[in-house]
Amino acid sequence: MLRQTEGAATGVVLAGDLASLFMVWWQTEFKRIMEREMVELLLFTRGERELREHVQYYIHRMQYSGYSVTEREEVYARAKKKFDEMLRKDREGTVPLYRPKEWKREMKDEEKKQQKMNWFRKGDYESVLFIDATPNSELARKCRKIYKECGLKVKVVEKTGTSVKTMLVKSNPFKRQGKSGMGEECKVCEDTEGELDCKKREVVYEIKCRDCDGARGRYIGESANSLQERYKQHKEKLKTRSKDSVFWKHMKEHHGGKLTNLDVKIIGSYPFDATLRQVSEAGYIRETIPDLNTKEEYRANTPRPRNISIQ
Ligand SMILES: [Zn+2]
Ligand SMILES: [Zn+2]
């Protein structure tokens, strides 16, 4: 059941080009981090035995990440070389091995300033990277850290994983009868089976025509309001056969004007982050190309002002 996407490490499932690009970059980056950490080890570890243990630890980490003996040795050799170079400079007196705080402070301050300037303002992303959810968001956090260090304007978004339960359980014996807590009718609960938090706000969602096979009849949207409210609006526009309803348009074109059943699911939840929500929606649209979204929605690369009314 757990397939591994070709070329990607376990836990990382990305689409096509971006995935291979990312993996190539990540492999280089990972080696660089290992190298840097090993240099620090050489600098700050006292005692042969302790040092050997620490180096072993890093070598093992690389081994578990799938790096070959040659690659592991290469990284260590480079770290050692760098360290020897530092030793030499120390002996020469050009750069002390253990620099006091005041050492070339001006230069360091300038470096810091540059880093700050390179770092992006909130909401100013050039790209979105979708990665699979890992326990405690570990993978997402690591990716974010690295992007930040590199000054790349990439927003890392965790996909909400399909839980084993939803993969195994087709119909939910506790299916709600279209009622939400207050006894009012809920279109989301009416149309879906299984667990779905219809009250969830600030979401990116997908609506799919149940009468269409495969990828046809899909729409991706985002909403600050609850999914329940937004979905209700979609259903009302459909019911009145509004010309603004992408679903009615679909049913006219593909089902001879018959009102088909819809399925809805939450793809992502973004509490208190409207920008991220909109960037993610745009990213999902670009990545999965839903046929019911408009051309305008495809072109949207960056967060844009949206009116409240639905398409
Ligand atoms: Zn509901
Ligand atoms: Zn359809």
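## Close-up views of a predicted model

Ile289 sits in the loop that connects H10 with helix H11 (295-299), and the coordinates shown in every view below belong to a predicted model.

View 1. Directly after H10, Ile289 adopts a positive phi of about 45°, and the residue is one other than glycine. Ile289 counts as exposed because 12 C-beta neighbours lie inside 10 Å, and a residue with 12 or fewer falls in that class.

**View 2. Arg241, in the loop between H8 and H9.** The loop between H8 and H9 contains Arg241, a residue other than glycine whose phi is likewise positive, near 50°. Arg241 has 14 other C-beta atoms within 10 Å and is therefore classed as partly exposed.

**View 3. The open sheet of three strands.** The strands follow the order S4-S3-S5 in an open sheet, and their pairing is antiparallel. At the edges lie strand S4 (218-223) and strand S5 (262-269), each of which pairs on one side only, and from one strand to the next the twist averages 25°. Strand S3 (residues 203-209) is joined to S5 by seven bridges, with Val204 standing opposite Gly268 of S5. Six bridges link S3 to S4, again in the antiparallel sense, and here Val203 has Ser223 as its bridge partner.

**View 4. The two sides of edge strand S4.** Although S4 is an edge strand that pairs on one side only, six of its six residues are buried, which leaves the strand mostly covered. In a regular strand the side chains alternate between the two faces of the sheet. In S4, Arg218, Ile220 and Glu222 point one way, whereas Tyr219, Gly221 and Ser223 point the other way, and all are buried.

**View 5. Helices H8 and H10 lying across the sheet.** Helix H8 (residues 227-239) lies across S3, S4 and S5 and runs at about 35° to S3. Helix H10 (residues 274-288) also lies across S3, S4 and S5, running at about 170° to S4. How far apart are the end C-alpha atoms of H10, and what span should its 15 residues have at 1.5 Å a residue? The end C-alpha atoms are 21 Å apart, which agrees with the 21 Å that the 15 residues should span. The buried residues of H10 include Leu276, Val279, Ala282, Tyr284 and Ile285, but also Arg277, Gln278 and Glu281.

View 6. Leu227 belongs to helix H8 and counts as buried because it has 27 C-beta neighbours inside 10 Å, where 20 or more are required. When residues up to four places away in sequence are left out, Leu227 touches Val188, Cys198, Lys200, Val203, Tyr205 and Ile266. Leu227 and Val264 stand 37 residues apart in sequence, while the distance from C-alpha to C-alpha is 9.2 Å. The largest nonpolar core has 25 residues, of which Val188, Tyr205, Leu227 and Val264 touch the most other members. Two or more residues of this core come from each of S3, S4, H8, helix H9 (246-255), S5 and H10. Another core, of seven residues, lies apart from it and has Leu129, Phe130, Tyr147 and Val157 among its members.

View 7. The C-alpha atoms of Ile267 and Ser280 are separated by 9.6 Å, the two residues being 13 apart along the chain; Ser280 is one of the buried residues of H10.

View 8. The protein has 11 helices and five strands, and buried residues make up 20% of its 311 residues. Among contacts with a separation of 6 or more, 64% involve residues 24 or more positions apart. The mean pLDDT of the protein is 74, and 69% of its residues reach 70 or more. Over residues 1-14 the pLDDT stays under 50, and the model has 22 contacts beyond four places in sequence for this stretch. Residues 301-311 also have a pLDDT below 50, with 12 contacts in the model beyond near neighbours in sequence. Where pLDDT is low, the predicted coordinates should not be read in detail.

Technical notes: Residues are numbered from 1 along each chain as its sequence is written. Chains are lettered from A and ligands numbered from 1 in the order in which they are written. This is a predicted model: local features need pLDDT of at least 70, side-chain atom pairs count only at pLDDT 80 or more; totals for chains, interfaces and linings use all residues. Two strands pair if DSSP finds at least two bridges between them. Helices (H or I, at least four residues) and strands (E, at least two) are DSSP runs, numbered from the N terminus. Axes are lines fitted to C-alpha atoms, for helices over the stretch in contact, and angles run from 0 to 180 degrees between N-to-C directions. Two residues are in contact if their C-beta atoms, placed from the backbone, lie within 7 Å. The expected span of a helix is 1.5 Å times one less than its number of residues. pLDDT is the predictor's confidence in each residue, from 0 to 100. A nonpolar core is a set of buried Ala, Val, Leu, Ile, Met, Phe, Trp, Tyr and Cys residues joined through C-beta atoms within 7 Å.
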